[in-house]
Amino acid sequence: MMRAGLALAGLAVLGCGGAGRNADSAGGTTDTARVPTVASTNLYDSLGNRNGRIPILEYHVVGDSSKGLFVITRDRFRKDLELLYSRGYRPITVAQLVAKDFSDVPRGMSPVVFTFDDASPEQFSYVEKNGQLEIDPSTAVGMWLEFQKEHPDWKNRATFCLLPAAEAGHAFFGDKEKYRGQKGEWRFQKVKWLHDNGFELCNHTLWHAQLSKYDDAFVQEQIARGQLAIDSVVPGVKVQTFALPQGLWPKNRALAWRGTWTGKRGEQASYDYTTVLEVAGGPARSPFDPQFDKARLPRVIAFGNEVQKTLDHLDKAKSRFVWDGGATP
Ligand SMILES: [Zn+2]
């Protein structure tokens, strides 16, 4: 059933213009001579728009039903993927955006950044089949991979802002069987899988403390121990992005970027981040814009029709970033 449904979804995309056909035949390669026929990108000339805005989308739980800003349905998530794809967006990570690395965006198309906060099992679960672990196709990662089967030029580029030890299974995507049947020993494997498969790992603190409430030592412990947990999965990984829980800054803001912590047994950890992600603020400035501030970037919470509204607004205001395919520093 699942396969048939996805095949139909793929056909629907192919039927809506040249973009799908071009994209599928491209096989994931970047062809700088190819300009998409997506209607909305025809607003721009072939020189692109390097100074336009780039949406950094913020996803939380993707599940059976929607609730507020932070829980959306699977149907909504799939629709967002289809919408972005058909309108000429291709995913990159926060790290790529900051590095002006648009090598994954064909000329004439636009970058979009997906960020996934809180490491819930709804984002990434395993199911055990005949002794093998398979990624649950009903999770966000599973849906992403299914979408990619139909759209091979949709790469594994997204930023996962992780929690290793928060409540209700928000601990590297599920630490107990009561949370979607997830086993504690699968946690590290999931984080490593993300890293090994092209996704960016981002810190989101140890257990989602509201950093505005605590003293400097506690703030540094929350962030440093989050960092330490990621490092224990992927030793030496360069984590350069940090997401503020609930967008709340510590009293000493500088500690969001840099700090150190020494534990009771003498264990030490430090962190030094390039970028702090906020929870809202609209589409981000281009890294070519003189006012771009890589130290703090705004996001767009993806719920309801927000993604479509954001894309419509960018097109209407002619403020959408369109990659010109040129050289980058
Ligand atoms: Zn969060």
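Predicted model: local features only at pLDDT ≥ 70, side-chain atom pairs only at ≥ 80, totals over all residues.

Reader: What makes β5 and β8 a pair?

Author: Two strands pair if there are at least two bridges between them. Strand β5 (residues 110-117) is joined to β8 by three bridges, and the two run parallel, so by that cut-off they count as paired.

Reader: And how do you know that β8 and β9 pair?

Author: Strand β8 (residues 159-162) and β9 share four bridges in the parallel sense, and at least two are needed. Among the partners, F160 is bridged to L201 in β9. Between these strands the chain passes through helix α6 (residues 187-196), and this β-α-β crossover is right-handed.

Reader: What makes you say that both faces of β8 are covered?

Author: T159 and C161 lie on one side, F160 and L162 on the other, and all of them are buried.

Reader: Why is Y273 called buried?

Author: The cut-off is 20 or more other C-beta atoms within 10 Å. Y273 has 20 C-beta neighbours inside 10 Å, so Y273 counts as buried. Y273 is found in the loop between β12 (268-272) and β13 (275-281). Leaving out residues up to four places away in sequence, Y273 touches Q240, T241, F242 and W257. The C-alpha atoms of Y273 and C202 are separated by 9.6 Å, although these residues are 71 apart along the chain.

Reader: Why is K100 called partly exposed, then?

Author: Partly exposed lies between the two limits, 12 or fewer for exposed and 20 or more for buried. K100 has 15 other C-beta atoms within 10 Å, so K100 is partly exposed. K100 sits in the loop between α4 (94-98) and β5, and its phi is near 55°, a positive value in a residue other than glycine.

Reader: How do you know whether R180 is buried or exposed?

Author: By the count again: R180 has 20 other C-beta atoms within 10 Å, so R180 is buried. The phi of R180 is also positive, near 50°, and R180 belongs to the loop between β8 and α6.

Reader: How do you know that the buried residues of α8 line one face of the helix?

Author: In helix α8 (residues 306-316), the buried residues are V307, L311 and L314. Viewed down the axis of α8, these fall within an arc of 65°, so they line one face. An α-helix has 3.6 residues a turn, so residues three or four places apart point the same way. On the other side of α8, K309 and K316 are exposed. The cover over the buried residues includes β1 (56-59) and α3 (74-86).

Reader: Which residues touch the most other members of the largest nonpolar core?

Author: That core has 72 residues, and L57, V113, A140, F160, L162 and C202 touch the most other members. Helix α7 (residues 216-233) gives the most to this core, with six residues. In soluble globular proteins, nonpolar side chains tend to be buried together. Beyond its neighbours within four places in sequence, V113 is in contact with several residues, including I54, I56, L57 and T159.

Conventions
Residues numbered from 1 in each chain as written. Core = buried A, V, L, I, M, F, W, Y, C linked by C-beta atoms within 7 Å. Contact = placed C-beta atoms within 7 Å. Arc of directions from axis to C-beta. Right-handed = clockwise from strand over helix to strand, strands pointing away.
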